[in-house]
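Look at the sequence and the model first. The briefing that follows covers the sheet, the helices, the confidence and the pocket.

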Amino acid sequence: MAPKNNKGGDKKGKGKDAADGGDNKKGLKPATSINVRHILCEKFSKKEEALEKLRGGAKFDDVAREFSEDKARQGGSLGWKVRGSLDASFEKAAYELEPSTTGNPKYADVKTGFGYHIIMVEGRK
C-alpha cells in the first residue's frame with residue numbers, strides 16, 4: 001500500500017521519475033555504472049543449458065567458467081561499466097537488474113550481435 005504520490009526520496013524507490021533513465025522499473029535508484037558479469041554463448045541451446053544450471057542453484061561464476069565463450073573467463077566478470085559503453089540491448093537488460101551475489105544471482109538473458117548472454121549485476125553506483 002505505497003502512496004501514489006511518491007516523492008522519490010524514500011528507500012523503497014517505488015516511484016518513477018522522468019530523470020531516472022528508465023531504470024526505476026523494479027524500484028532501483030538511477031545508476032551511471034554497474035559491476036556486471038555475464039555468460040556468453042554462441043548457441044541458444046548452450047545458453048539454455050547454462051540457465052538450467054543456474055535454476056538448479058549453481059553459482060553464477062562457476063557456470064560462467066564452464067559455459068561462457070567470452071574472453072572474460074574470471075567468472076564472467078566484466079567489471080565496472082559506465083552507461084553507454086555496452087551493447088544497447090545488453091545494457092538495457094543489465095541496468096534493469098537488481099544487484100545480487102554469484103551464490104544467489106538475479107539474472108536476465110538477452111541476445112546481441114555477440115550471441116546469447118546471461119547477465120547479473122553485483123553493484124550499482
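How many bridges join E3 to E4? Six bridges join E3 to E4, and the two strands run antiparallel. The model is predicted, so to speak of a local feature requires pLDDT of at least 70, side-chain atom pairs count only at pLDDT 80 or more, and totals for chains, interfaces and linings use all residues. Residues are numbered from 1 along each chain as its sequence is written, and side-chain values use heavy atoms, with hydrogens and water left out.

**The sheet**

- Four strands form an open sheet in the order E2-E1-E4-E3, with antiparallel pairing. Helices (H or I, at least four residues) and strands (E, at least two) are DSSP runs numbered from the N terminus, and two strands pair if DSSP finds at least two bridges between them.
- Strand E2 (77-82) and strand E3 (107-112) stand at the edges; each has a single partner strand, so one side of each is left without a neighbour in the sheet.
- From one strand to the next, the twist averages 35°. Axes are lines fitted to C-alpha atoms, for helices over the stretch in contact, and angles run from 0 to 180 degrees between N-to-C directions.
- Strand E1 (residues 33-41) and strand E4 (residues 115-124) run antiparallel and are joined by eight bridges. Arginine 37 stands opposite methionine 120 in E4.
- E3 and E4 form a hairpin with two residues between them. Threonine 112 has glycine 115 in E4 as its bridge partner.

**The helices**

- Helix H1 (residues 44-55) packs on the sheet and touches E1, E3 and E4, where contact means heavy atoms within 4.5 Å. The direction of H1 makes about 40° with that of E4.
- Helix H2 (residues 60-67) also packs on the sheet, touching E1, E3 and E4, and its direction makes about 45° with that of E1.

**Confidence**

- The mean pLDDT (the predictor's confidence in each residue, from 0 to 100) of the protein is 83, and 78% of its residues reach 70 or more.
- Over residues 1-25 the pLDDT is below 50, and this stretch has 22 contacts in the model beyond near neighbours in sequence.

**The largest pocket**

- The largest pocket has a volume of about 230 Å³. A pocket is an open set of points on a 1 Å grid over the protein atoms alone, where a 1.4 Å probe fits, with protein on both sides within 12 Å along at least five of seven lines; lining residues have an atom within 4 Å of a point.
- Among the lining residues are His38, Asp70, Lys81, Phe90 and His117.
- E1 and E2 each supply at least two residues of this lining.

Methods: Grid points are joined across faces, edges and corners, and a volume is the space filled by probe spheres set on the points.
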